[in-house]
Amino acid sequence: MEGYLPEIYERFATKYPDVMRSYEQLAQQLHAAGPLSGRERRLAKLGIAVGGGSEGAVRSHARKAIAEAIEPDAILQVAVLAISTAGYPAAIAAYQWINQVLDKEA
């Protein structure tokens, strides 16, 4: 669901709008800081979320990847690649979260 924001994110943004504006500006600068394509950045950010074990971030980046027309097999491969670096339990948890997003968005 494009445009989805968790309630806590919206609540924080309402309470601290200046902080959120600064955060969003930083995000824009980070994206522009190197040669990676939008697709590469999205998959990298998904991989970082998987490695960090952040369910919310994995789900968010999976939703964004779908919205950006990244194919489901590429999104799932991020979790598969995590087996040797983040460990099997973390990778399988991420694989589950990604599949749940893919199923819901399909």
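The largest nonpolar core has 20 residues, and those with the most contacts inside it are Leu46, Val50, Val58, Ile70, Ile75, Ala94 and Ile98. A nonpolar core here is a set of buried Ala, Val, Leu, Ile, Met, Phe, Trp, Tyr and Cys residues joined through side-chain atoms within 4.5 Å. Buried means under 20% relative accessible area, exposed over 50%, and partly exposed in between (1.4 Å probe, protein chains only). Two or more residues of this core come from each of α3 (38-52), α4 (55-67), α5 (72-81) and α7 (88-105). The most are given by α7, with 6 residues. In soluble globular proteins, nonpolar side chains tend to be buried together.

This is a predicted model: local features need pLDDT of at least 70, side-chain atom pairs count only at pLDDT 80 or more, and totals for chains, interfaces and linings use all residues. Residues are numbered from 1 along each chain as its sequence is written, and side-chain values use heavy atoms, with hydrogens and water left out.

Within α5, the buried residues are Ala74, Ile75, Leu76, Val78 and Ala79. Their cover includes α3, α4, α6 (83-86) and α7. Isoleucine 75 shows this packing in detail: leaving aside neighbours within four places in sequence, Ile75 is in contact (heavy atoms within 4.5 Å) with Leu43, Leu46, Ala62, Ala65, Ile66, Ile70, Ile98 and Leu102.

Alanine 69 lies in the loop between α4 and α5. Its phi is positive, about 65°, although the residue is not a glycine. Alanine 69 is exposed, with a relative accessible area of 66%.

The protein chain has 7 helices and 0 strands, where helices (H or I, at least four residues) and strands (E, at least two) are DSSP runs, numbered from the N terminus. The radius of gyration, taken over C-alpha atoms, is 14 Å, close to the 13 Å that the globule rule (2.2 Å times the number of residues to the power 0.38) gives for 106 residues, so the protein chain is as compact as a globular protein of that length. Along the principal axes, the C-alpha atoms fill a box of roughly 40 × 30 × 25 Å. Of the contacts in the protein chain with a separation of 6 or more, 58% are between residues 24 or more positions apart.

Buried residues make up 24% of the 106 residues. The accessible surface of the protein chain comes to about 7,100 Å² (Shrake-Rupley method, 1.4 Å probe), and 57% of this surface belongs to carbon and sulfur atoms.
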